[in-house]
Amino acid sequence: MKILFAMHFEPGHHLGTFRLARTLRSRGHSIAYLGLPRMRKLVENQGFEFVEFAGHLFSDASQPPASPTWWQRRSAAETLFRRYLNAIVDGTLDDCLRSARPDLLICDSFLWYIAMRGQRLQIPTIQISTSLF
């Protein structure tokens, strides 16, 4: 079975799943992680496949100037967020999910929208929370 993890884009959310992922892999399952480019190294260093989502949003052209003002940072952040939302609904996320060909999606509860897209694509989906509280 191919299992795709979709975790929030902070390292702590990923770190809390690696033990489970290793256990599942030891039982013969194929494991991959869907994520933003900055999580690639963390995931691949653990020996798991990485499926990049929205990498086109993080090119050098989309970055603010070297010494941005507060308004430039805010504008850049709002533009990035708007583009991220578009990638969720314009088919980009669906294409990433389909390309991974998962039999099961394990999705961080913070990423409920990815779980909903998985359900729409008829991918069996489980939500998981890595929060300690």
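This is a predicted model: local features need pLDDT of at least 70, side-chain atom pairs count only at pLDDT 80 or more; totals for chains, interfaces and linings use all residues.

Guide: Residues are numbered from 1 along each chain as its sequence is written, and side-chain values use heavy atoms, with hydrogens and water left out.

Visitor: In which sense do strands β4 and β5 pair?

Guide: Strands are DSSP runs of E with at least two residues, and helices are runs of H or I with at least four, numbered from the N terminus. Two strands pair if DSSP finds at least two bridges between them. β4 (residues 104–108) and β5 (residues 125–128) have 4 bridges, and the sense is parallel.

Visitor: Is histidine 8 buried or exposed?

Guide: Histidine 8 lies in the loop between β1 (2–6) and α1 (11–15). Buried means under 20% relative accessible area, exposed over 50%, and partly exposed in between (1.4 Å probe, protein chains only). Histidine 8 has 17% relative accessibility, so the residue counts as buried.

Visitor: What is the angle between the planes of phenylalanine 18 and phenylalanine 48?

Guide: Rings of Phe, Tyr and Trp (its six-membered ring) pair if their centres lie within 6.5 Å; planes under 30 degrees apart count as stacked, over 60 as edge-to-face and the rest as tilted. The whole structure has 8 aromatic pairs. Phenylalanine 18 and phenylalanine 48 form a stacked pair, 5.9 Å centre to centre, with the planes at 20°.
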